[in-house]
Amino acid sequence: MRDLATAVVFLKASLREDEAAARAVKPGKNEGVAGLQARVLADVEAKRRLVAWVEANPGTRWKANAEAEDLPFWQKAIVDVIADVPEYFRSPVIYRLLTAYEDHPDFQPEWKLINDEPEGEPADHEKRQ
């Protein structure tokens with residue numbers, strides 16, 4: 001099962017690493033390097049805005065409040081049903097952004113996109129050599 005909170009923490013940490021690496025580059029007189037650095041920093045900022053959009057989901061706060069208030073099971077279930085609808089529609093954004101980090105040692109296999117095969121094409125595990 002996918003854990004969105006853990007995925008978001010990993011993604012934010014990866015974005016911090018990308019930003020630090022881009023800022024560490026000293027382009028000097030090479031305009032190409034300076035342009036690449038600017039694009040990486042802009043990409044990091046765009047991804048951070050997407051993560052913030054996913055996190056802005058009020059359902060996430062409702063779920064946290066329900067846990068903190070130790071509500072009865074049936075009330076937590078109702079909160080989960082209401083809260084999960086927006087998360088369900090927003091969370092794929094996080095998993096799409098995570099695909100850039102599949103080779104990272106801390107990347108978790110359950111974050112990998114599995115329903116991303118073109119229609120009519122065999123899945124990787126079905127391809128014959």
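Student: At roughly what angle do the axes of helix α1 and helix α2 cross?

Tutor: This is a predicted model, where local features need pLDDT of at least 70 and side-chain atom pairs count only at pLDDT 80 or more, while totals for chains, interfaces and linings use all residues. Residues are numbered from 1 along each chain as its sequence is written, and side-chain values use heavy atoms, with hydrogens and water left out. Helices are DSSP runs of H or I, at least four residues, numbered from the N terminus. The axes, lines fitted to C-alpha atoms over the stretch in contact with angles from 0 to 180 degrees between N-to-C directions, come within 9 Å for α1 (residues 4-24) and α2 (residues 31-55), and they cross at roughly 160 degrees.

Student: How is α1 oriented relative to α2?

Tutor: The axes of α1 and α2 cross at roughly 160 degrees. Angles over 145 count as roughly antiparallel. Therefore α1 is, relative to α2, roughly antiparallel.

Student: Which residue forms a salt bridge with Asp43?

Tutor: A salt bridge is a side-chain nitrogen of Lys or Arg within 4 Å of a carboxyl oxygen of Asp or Glu. The closest N and O atoms are 3.1 Å apart, and the partner is Lys47.

Student: Is Lys47 buried or exposed?

Tutor: Buried means under 20% relative accessible area, exposed over 50%, and partly exposed in between, with a 1.4 Å probe and protein chains only. Asp43, at 37%, counts as partly exposed. Lys47 has a relative accessible area of 14%, so Lys47 is buried.

Student: Which residues are joined with Arg49 by a salt bridge, and how far apart are the closest N and O atoms?

Tutor: Arg49 is exposed, with a relative accessible area of 60%. Arg49 and Glu45 are four residues apart in helix α2, about one helical turn. The salt bridge pairs Arg49 with Glu45, and the closest N and O atoms are apart by 3.2 Å.

Student: How far apart in space are Glu87 and Leu4, C-alpha to C-alpha?

Tutor: Glu87 is placed in helix α4. At 19% relative accessibility, Glu87 counts as buried. Glu87 and Leu4 are 83 residues apart in sequence, and their C-alpha distance in space is 9.0 Å.

Terms used:
Helix = DSSP H or I, 4+ residues; strand = E, 2+ residues; numbered from the N terminus. Parallel < 35°, antiparallel > 145°, perpendicular 65-115°, else oblique.
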